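Subject: A structure for you to look through

Hi there,

Here is the structure I promised to hand over. Please open it beside this email, and I will go through what was found.

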Amino acid sequence: IQADGTDGNCVTFVLHDEDHTLGNSLRYMVMKNPDVEFCGYCITHPSESKINFRIQTRGALPAVEPFRKGLNDLMGVCQHVLNTFERSMKEFRARK
């Protein structure tokens with residue numbers, strides 16, 4: 001991950017080896033933060049496997065903070081889905 005920006009409030013992160021799967025999910029999680037003014041991403045080119053992920057915040061909050069929080073929140077959601085799935089599979093197998 002590389003960050004580039006003129007100030008800490010508006011930063012574009014370049015995520016290598018990623019696509020819409022992470023981009024759209026992470027955008028959703030970051031936009032839940034009321035201090036985020038803008039969040040979006042784009043695929044640079046179909047033949048390249050990287051996305052540009054841009055965050056602009058209000059006030060003095062550095063853009064890297066909602067980026068980290070969004071990643072952590074997304075990992076938490078994915079872990080919850082995995083745990084629920086595994087528990088359901090275990091219950092299903094026990095009933096057979």
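Let's start with a term: a nonpolar core is a set of buried Ala, Val, Leu, Ile, Met, Phe, Trp, Tyr and Cys residues joined through side-chain atoms within 4.5 Å. Buried stands for under 20% relative accessible area, exposed for over 50%, and partly exposed for what is in between (1.4 Å probe, protein chains only).

Two notes on the source. This is a predicted model, in which local features need pLDDT of at least 70 and side-chain atom pairs count only at pLDDT 80 or more, while totals for chains, interfaces and linings use all residues. Residues are numbered from 1 along each chain as its sequence is written, and side-chain values use heavy atoms, with hydrogens and water left out.

**The core**

The largest nonpolar core has 14 residues. Those with the most contacts inside it are Phe-13, Leu-26, Val-30, Cys-39, Phe-53, Ile-55 and Phe-67. At least two residues of this core come from each of β2 (10–16), α1 (20–31), β3, β4 and α2 (64–95). Those labels are DSSP runs numbered from the N terminus: helices (H or I) have at least four residues and strands (E) at least two.

Contact means heavy atoms within 4.5 Å, and, leaving aside neighbours within four places in sequence, Val-30 is in contact with Val-36, Cys-39, Phe-53, Ile-55, Pro-66 and Gly-70.

**The aromatic cluster**

Which residues do ring pairs link into a cluster? They are Phe-13, Phe-53 and Phe-67. Rings of Phe, Tyr and Trp (its six-membered ring) pair if their centres lie within 6.5 Å; planes under 30 degrees apart count as stacked, over 60 as edge-to-face and the rest as tilted.

The structure holds two aromatic pairs. The pair of Phe-13 and Phe-67 is stacked, because the ring centres are 4.0 Å apart and the planes are at 5°. This pair links distant parts of the chain, with Phe-13 in strand β2 and Phe-67 in helix α2, 54 residues apart. Phe-13 and Phe-67 are both buried. The pair of Phe-53 and Phe-67 has its ring centres 5.9 Å apart and its planes at 55°, so this pair is tilted. Here too distant parts of the chain are linked: Phe-53 is in strand β4 and Phe-67 in helix α2, 14 residues apart. Phe-53 is buried, as is Phe-67.

**The hairpin**

Now look at strands β3 (residues 36–43) and β4 (residues 50–57), which run antiparallel and are joined by seven bridges. Two strands pair if DSSP finds at least two bridges between them. A hairpin of six residues connects β3 to β4.

Ile-43 lies in strand β3. With a relative accessible area of 27%, Ile-43 is partly exposed. Not counting residues up to four places away in sequence, Ile-43 touches Asp-19, His-20, Glu-48, Lys-50 and Ile-51. From Ile-43 to Leu-15 there are 28 residues in sequence and 9.9 Å in space, C-alpha to C-alpha.

**Salt bridges**

How many salt bridges does the structure hold? There are two, where a salt bridge is a side-chain nitrogen of Lys or Arg within 4 Å of a carboxyl oxygen of Asp or Glu.

In one, Arg-68 meets Glu-65, with the closest N and O atoms 3.5 Å apart. Both Arg-68 and Glu-65 lie in helix α2, three residues apart, about one turn of the helix. Arg-68 is partly exposed at 48% relative accessibility, and Glu-65 is partly exposed at 38%.

In the other, the side chains of Asp-73 and Lys-69 meet at 2.8 Å, N to O. Asp-73 and Lys-69 are four residues apart in helix α2, so about one helical turn separates them. Asp-73 is partly exposed, with a relative accessible area of 29%, and Lys-69 is partly exposed at 44%.

**The record**

An unreviewed UniProt entry lists residues 10–83 as "domain: DNA-directed RNA polymerase RBP11-like dimerisation". UniProt positions are given in the numbering used here, feature names are shortened, and annotations may be inferred rather than shown by experiment. Over residues 10–83 the chain is 43% helix and 31% strand, and the end C-alpha atoms are 35 Å apart.

Enjoy exploring!
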